[in-house]
Amino acid sequence: MADILVKKIACIGAGYVGGPTMAMIALNCPEIEVVVVDINEARIKAWNSDKLPIYEPGLDEVVKAARGRNLFFSTDTKKHVGEADVVFVSVNTPTKTTGIGAGRAADLTYWEGAARLIASVSTGSKIVVEKSTVPVKTAEAIGKVLKRNCSSPGVNFEILSNPEFLAEGTAIEDLRKPDRVAHAIGTDSRIGPKFLNASVGFGGSCFQKDILNLCYVCETLNLKEVADYWAAVVTMNDYQKQRFVERVLGAMFNTVANKKIAVMGFAFKKDTGDTRETPAIDVCKGLIRDGAKVSIFDPQVTSDQVFRDLSTSKFEWDRPDYSRSHTRILDNVKVCSSPTEAMEGSHAICVLTEWDEFKTYDYQAVYDKMCKPAFVFDGRNILDHDKLREIGFIVYALGKPLDPFLQKNY
């Protein structure tokens with residue numbers, strides 16, 4: 001395969017991994033044509049517009065510098081995959097929802113479909129790169145699919161594993177200056193203290209999904225205790241979200257019925273519009289079940305996305321057609337266009353994403369327009385709690401001593 005001269009790269013999947021990664025490759029390799037393909041016409045249209053389908057600091061500049069020059073986005077998957085010398089596969093690998101391994105095992109339906117597509121349009125040898133996070137032995141399985149489904153003689157496939165290691169919110173900087181070699185694993189800032197920051201629970205597209213698949217792999221190898229250990233990590237994460245909801249209810253006299261709760265932040269972390277497995281979904285659902293009127297503000301998450309997430313079954317978010325479940329049945333939810341709209345007249349503020357702008361608000365003015373007693377439940381520990389208490393707020397800070405108002409004397 002060393003004789004392949006790379007003139008064109010295709011990437012199957014125009015999501016959070018494929019889009020930024022290919023944009024950066026195109027920017028730095030102007031002599032190579034890079035095409036991102038996806039069957040989702042709306043997503044491709046967005047990549048070709050002034051309003052990209054995902055938010056990532058620095059991404060706009062990178063895309064606009066290369067798009068139309070050597071970076072292209074297209075729905076013509078067969079044409080561009082067939083012409084490519086290197087094919088990156090960055091498709092969804094959701095958790096299975098039915099059958100053996102449901103709720104844990106990875107569903108490789110889309111990966112297998114991508115492999116069959118590659119095989120069917122290949123008339124020359126190609127390098128196929130695993131960019132999705134996939135279980136061990138996937139490359140071996142994909143190799144069999146490629147070999148048995150390619151009708152052109154003499155075509156060979158080299159399969160490489162290059163799983164994404166981007167941290168959303170810093171993806172462009174991660175691509176520009178990635179931490180390297182074995183020593184870096186221990187010093188990489190994304191694995192160090194940042195992983196210990198307080199939170200209502202971890203989220204994101206891969207963390208829970210990969211832990212659940214690890215559990216399934218352990219179970220198939222009869223390592224029950226190991227599987228139980230990792231399953232407990234997910235259980236504790238779910239408990240953390242439920243405990244936060246219970247804290248809100250307990251502080252507010254065990255009822256939030258018809259009370260306005262301002263939810264500040266819906267993305268799973270700052271500097272991204274990604275809401276996959278965001279703890280905010282479970283927290284909002286918990287509050288809604290108890291009758292709260294939830295007003296949500298996030299600077300990068302659209303109202304359509306919020307309503308889809310709150311009305312979609314667990315694990316279904318990672319499927320291409322999950323938006324079909326979108327329904328505005330959530331009468332107790334309002335998505336606000338400004339922080340003032342979300343917080344004005346509320347009984348409590350719940351900070352669920354660590355957006356920097358949340359630190360800069362005039363909380364005296366916010367307090368003056370809230371119902372009293374006014375509560376702040378800081379699920380990310382980003383606010384100045386002493387100053388908030390001076391203003392008059394009753395503050396719950398994750399993992400810190402309880403405000404006297406919140407303590408139970410029994």
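These legends describe close-up views of a predicted model.

**View 1. Helices H9 and H10 pack side by side as a roughly antiparallel pair.** H9 spans residues 207–220 and H10 spans residues 224–251. Their axes come within 8 Å. The crossing angle is roughly 155°. That value is over 145°, so H9 counts as roughly antiparallel to H10. The crossing of H9 past H10 is left-handed. On the H9 side, the contacting residues are Gln208, Ile211, Leu212, Leu214, Cys215, Cys218 and Glu219. They meet Val226, Ala227, Trp230, Ala231, Val233, Val234, Asn237 and Asp238 of H10.

**View 2. Asn222 sits in the loop between H9 and H10.** Its relative accessible area is 71%, so Asn222 is exposed. The backbone of Asn222 has a positive phi, near 60°, in a residue other than glycine. Asp274 lies 52 residues from Asn222 along the chain. The C-alpha atoms of Asn222 and Asp274 are separated by 35 Å.

**View 3. Tyr229 and Trp230 form an aromatic pair.** The structure holds 15 aromatic pairs. In the pair of Tyr229 and Trp230, the ring centres are 5.1 Å apart. The planes stand at 90°, so the pair is edge-to-face. Tyr229 has 54% relative accessibility and therefore counts as exposed. Trp230 has 31% and counts as partly exposed. Trp230 is also one of the H10 residues that meet H9.

**View 4. Phe375 and Phe405 pair across distant parts of the chain.** Their ring centres are 5.8 Å apart. The planes lie at 70°, so this pair is edge-to-face. Phe375 belongs to strand S11, residues 375–378. Phe405 lies in the segment after strand S12, residues 394–397. How accessible is Phe375, buried or exposed? At 1% relative accessibility, Phe375 counts as buried. Phe405, at 39%, counts as partly exposed.

**View 5. Ring pairs build an aromatic cluster.** The members are Phe244, Phe253, Phe375, Phe377, Tyr396 and Phe405. Phe253 is found in the loop between H10 and S7. Phe253 has a relative accessible area of 52% and is exposed. Phe375, another member of the cluster, is buried at 1%. Phe253 is not a glycine, yet its phi is positive, about 65°.

View 6. Pro373 is found in the loop between helix H14, residues 363–368, and S11.

**View 7. Helix H12 is largely enclosed by the rest of the structure.** H12 covers residues 303–310. Six of its eight residues are buried, which is why the helix counts as largely enclosed. The buried residues are Gln305, Val306, Phe307, Arg308, Asp309 and Leu310. What covers these residues includes helix H11 (279–289), strand S8 (293–297) and strand S9 (333–335).

**View 8. Phe266 is a buried loop residue between strand S7 and H11.** Strand S7 spans residues 260–264. The relative accessibility of Phe266 is 0%, so Phe266 counts as buried. Which residues is Phe266 in contact with, leaving aside its neighbours within four places in sequence? The list is Thr275, Thr278, Ala280, Ile281, Cys284, Ile296, Asp298, Val301, Val306, Asp309, Leu310 and Thr353. Among these contacts are Val306, Asp309 and Leu310, which are buried residues of H12. Ala141 lies 125 residues from Phe266 in sequence. Their C-alpha atoms are 37 Å apart.

How values were computed:
Residues are numbered from 1 along each chain as its sequence is written. This is a predicted model: local features need pLDDT of at least 70, side-chain atom pairs count only at pLDDT 80 or more; totals for chains, interfaces and linings use all residues. Side-chain values use heavy atoms; hydrogens and water are left out. Rings of Phe, Tyr and Trp (its six-membered ring) pair if their centres lie within 6.5 Å; planes under 30 degrees apart count as stacked, over 60 as edge-to-face and the rest as tilted. Buried means under 20% relative accessible area, exposed over 50%, partly exposed in between (1.4 Å probe, protein chains only). Helices (H or I, at least four residues) and strands (E, at least two) are DSSP runs, numbered from the N terminus. Axes are lines fitted to C-alpha atoms, for helices over the stretch in contact, and angles run from 0 to 180 degrees between N-to-C directions. Angles under 35 degrees count as roughly parallel, over 145 as roughly antiparallel, 65 to 115 as roughly perpendicular and the rest as oblique. A crossing is left-handed if the near helix is turned anticlockwise from the far one by less than a right angle, and right-handed if clockwise. Contact means heavy atoms within 4.5 Å.
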